[in-house]
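Keep the sequence and the 3D view side by side as you read.

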Amino acid sequence: MKNDVSFETISKDILSNRKFQKISYEKHHGITRMDHTLRVSKYVYKISKKLRLDYESATRAALLHDFFTDEEYGNVKGLIKGVVHPDIAYINAIGEFDLNAIEANAIKAHMFPLNKTLPKYKESWVLTAVDKVVALYECFTYKFSYVKLTSKIRARVDFAAIFLFYIITMGRK
């Protein structure tokens, strides 16, 4: 097994990149995209290391998974952002860094199943899962207050629960 490599060593070249540093000014889940990226990548680092995966590739992919600015979206809004931003992040990443197959797949697949790129590696699945959990935590902690949440989406949640129950039971009474 190779020597233990620290998070700081793995992330140094990415965090010092001038283009990458622009995400420090982008809003994401009620915080900055940089804060989100660092939270995701630190968890991916710890989990991948514990699972004895290629934690260096997993961590690099986690750092680069949201490597884009809102300006690069154009007029794209809503859930479509979730479909297109992995491709934008991937293009930005290969323009600035050399990526291996694990890193490339993890970046492109991190929004599965919203986008159709399937995670091919265990490291890709770790990033996909961690990003979802962290995004939920951030949204509920920083973006939505309980009052806003209940007033804005309670009806949607009720409808979704009823619809999901109907699908599961396939209309049986």
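Which residues in H1 are buried? They are Phe7, Ile10, Ser11 and Ile14. Keep in mind that this is a predicted model.

An α-helix has 3.6 residues a turn, so residues three or four places apart point the same way. Now turn the helix around. On the other side of H1, Glu8, Thr9 and Lys12 are exposed. What do the buried residues of H1 pack against? Their partners are helix H2 (18–21), H3 and H4.

Next, go to the largest nonpolar core. It has 30 residues. Among these, Phe20, Val40, Val44, Leu64, Phe67 and Leu127 touch the most other members. Several helices give two or more residues to this core: H1 (7–15), H3 (33–50), H4 (55–64), H5 (80–96), H6 (101–109) and H7 (122–143). The largest share comes from H4, with six residues.

Pick out Leu64 from that group. Which residues does leucine 64 touch, leaving aside those up to four places away in sequence? The contacts are Ile14, Phe20, Ala89, Ala93, Phe97, Leu99 and Ile107. One of them, Ile14, is a buried residue of H1. Another, Phe20, is itself among the core members that touch the most others.

Now turn to charged side chains. The count of salt bridges comes to six.

Start with lysine 49 and aspartate 4. Their side chains meet in a salt bridge, at 2.4 Å from N to O. This pair links distant parts of the chain: lysine 49 is in helix H3, aspartate 4 is in the segment before H1, and they are 45 residues apart. Lysine 49 counts as partly exposed because its relative accessibility is 28%. Aspartate 4 has 59%, so it counts as exposed.

The next pair is arginine 60 and aspartate 13. The closest N and O atoms of this salt bridge are 3.3 Å apart. Here, too, distant parts of the chain are linked: arginine 60 lies in helix H4 and aspartate 13 in helix H1, 47 residues apart. Is arginine 60 buried or exposed? Its relative accessibility is 14%, so it counts as buried. Aspartate 13, with a relative accessible area of 38%, is partly exposed. The pair is part of something wider. Asp13, Arg60 and Glu103 are linked in a network of salt bridges.

Aspartate 70 is in the loop between H4 and H5, while arginine 33 is in helix H3, 37 residues apart. Arginine 33 has a relative accessibility of 2%, so it counts as buried. Aspartate 70 has a relative accessible area of 31% and is therefore partly exposed.

Finish in a loop. Phenylalanine 112 is found between H6 and H7. At 22% relative accessibility, it counts as partly exposed; the buried class needs a value under 20%. What does phenylalanine 112 touch, again leaving aside residues up to four places away in sequence? The answer is Thr117, Leu118, Pro119, Trp125, Thr128 and Lys132. Take tryptophan 125 from that list. Phenylalanine 112 and tryptophan 125 are 13 residues apart in sequence, and their C-alpha atoms are 9.1 Å apart in space.

Methods. Residues are numbered from 1 along each chain as its sequence is written. This is a predicted model: local features need pLDDT of at least 70, side-chain atom pairs count only at pLDDT 80 or more; totals for chains, interfaces and linings use all residues. Side-chain values use heavy atoms; hydrogens and water are left out. A nonpolar core is a set of buried Ala, Val, Leu, Ile, Met, Phe, Trp, Tyr and Cys residues joined through side-chain atoms within 4.5 Å. Buried means under 20% relative accessible area, exposed over 50%, partly exposed in between (1.4 Å probe, protein chains only). Helices (H or I, at least four residues) and strands (E, at least two) are DSSP runs, numbered from the N terminus. Contact means heavy atoms within 4.5 Å. A salt bridge is a side-chain nitrogen of Lys or Arg within 4 Å of a carboxyl oxygen of Asp or Glu.
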